[in-house]
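Thank you for making the time this morning.

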Amino acid sequence: MLNPQRSLSELPKMSAASQVERAVLEEEFNWLLKEEVHAVLKQLQDVLKEASRRFTMPTPGLESQLKQENFILGSSTMDQVKGVLTLQGEALTQADINLKVAKSSQVHHFQFREDKQWKLQQIQDARNHVTQALQLLNSHDENYDFKTGAEVNKLMDAVMLQLTRARNRLTTPASMTLPELATSGLMKMFTPPMPGDVMVNFYINLSKLCLTVYQLHVLPPNTTKNFKPSGSSVLHNPGAMFELNNNRFEVSHVHKVECVVPWLNDTLVFFTISLQLCQQLKDKISVFSSFWNYRPF
């Protein structure tokens, strides 16, 4: 049985100890809000500026500042597709492609028209998300006084959302149907024009710039029994079917070649570091909120 006298006599001591602990925690938390949060924000800004620098857009009239990089497309399997791609920031400024037609020794040569370049939407979107993350961080300068942990968490969540979207744009290429691919502006980029039985697609996958070439054959008009149009996909397999302008096609051969773009790999590393910094700060905030339920962290 508890001794009521003992419990009552110890109550002031416990209360005093609790008050001391609370005061220490409050001091540590205030230091976190005033000092450490701003130190982390500075780190984040530095890392994301480096990421942004990889995406640098040229100043109007000074396009030459953004260097052109040539990448040789390679495949570990067959050499039916070879080529060189010229990348300048988010734009493919030139593509020089040789395609060896299946079951034939004939080689087709295609390149971009001189008046054309192809914008890689994935890189453009990723760059925009990095810019928005930096704007969020810049809206709280070193003199800004954070009042609560909830305010810090809200900022970190907003920054992390932009960084996650930026990363996802580089890691998750857009799915397309074969009719969408056949009618895309990319088909009008080449000289000589792409023949009707060849389609191409460019996309980013992680740090790789990928080219997929589809060779098609026309199905007889009375092919209805086994005709099943394929849906949306990043990569369509041989046997995939689609209908366009009252003609039915089947994919006979698929060739995928790719090249590594080192600066894209850099940006993915920067995104990972930044997301870790944000999460670590949120974890520190949560430690204090578990001690202090009465204060809105």
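Predicted model: local features only at pLDDT ≥ 70, side-chain atom pairs only at ≥ 80, totals over all residues.

**A walk through the interior**

Let me start with Thr 212, which has a relative accessible area of 0% and is therefore buried. Thr 212 is placed in strand E8, which covers residues 208–218. If we set aside residues up to four places away in sequence, Thr 212 touches Met 199, Val 200, Asn 201 and Tyr 203, and also Leu 235, Val 254, His 255 and Lys 256.

Now look at Leu 211. Again leaving aside neighbours within four places in sequence, Leu 211 is in contact with Leu 73, Val 81 and Ile 97, with Val 200, Asn 201 and Phe 202, and with His 255, Lys 256 and Val 257. Which residues touch the most other members of the largest nonpolar core? They are Phe 190, Phe 202, Leu 211 and Phe 271, in a core that counts 75 residues.

Staying with the rings, the structure holds six aromatic pairs. One of them is formed by Phe 55 and Trp 263, whose ring centres are 5.8 Å apart and whose planes stand at 90°, so the pair counts as edge-to-face. Phe 55 lies in the loop between helix H1 (4–54) and strand E1 (69–73), while Trp 263 belongs to helix H5 (residues 262–291), and the pair therefore ties together parts that are 208 residues apart in sequence. Both partners count as buried, Phe 55 because its relative accessible area is 3%, and Trp 263 because its relative accessibility is 10%.

A ring is also involved in a contact of another kind: the charged end of Arg 248 sits over the ring of Phe 227, 4.1 Å from its centre.

Let me finish with the cysteines. How many disulfides does the structure hold? The number is zero. Cys 259, for instance, is in no disulfide, and the nearest cysteine sulfur, which belongs to Cys 210, is 7.8 Å away, whereas a disulfide would need the two sulfur atoms within 2.5 Å.

Notes: Residues numbered from 1 in each chain as written. Heavy atoms only, no water. Core = buried A, V, L, I, M, F, W, Y, C linked by side-chain atoms within 4.5 Å. Buried < 20%, exposed > 50% of the residue type's maximum accessible area, 1.4 Å probe, protein only. Contact = heavy atoms within 4.5 Å. Helix = DSSP H or I, 4+ residues; strand = E, 2+ residues; numbered from the N terminus. Phe/Tyr/Trp six-rings, centres within 6.5 Å; stacked < 30°, edge-to-face > 60°. Lys NZ or Arg CZ within 6 Å of the ring centre and 35° of its normal.
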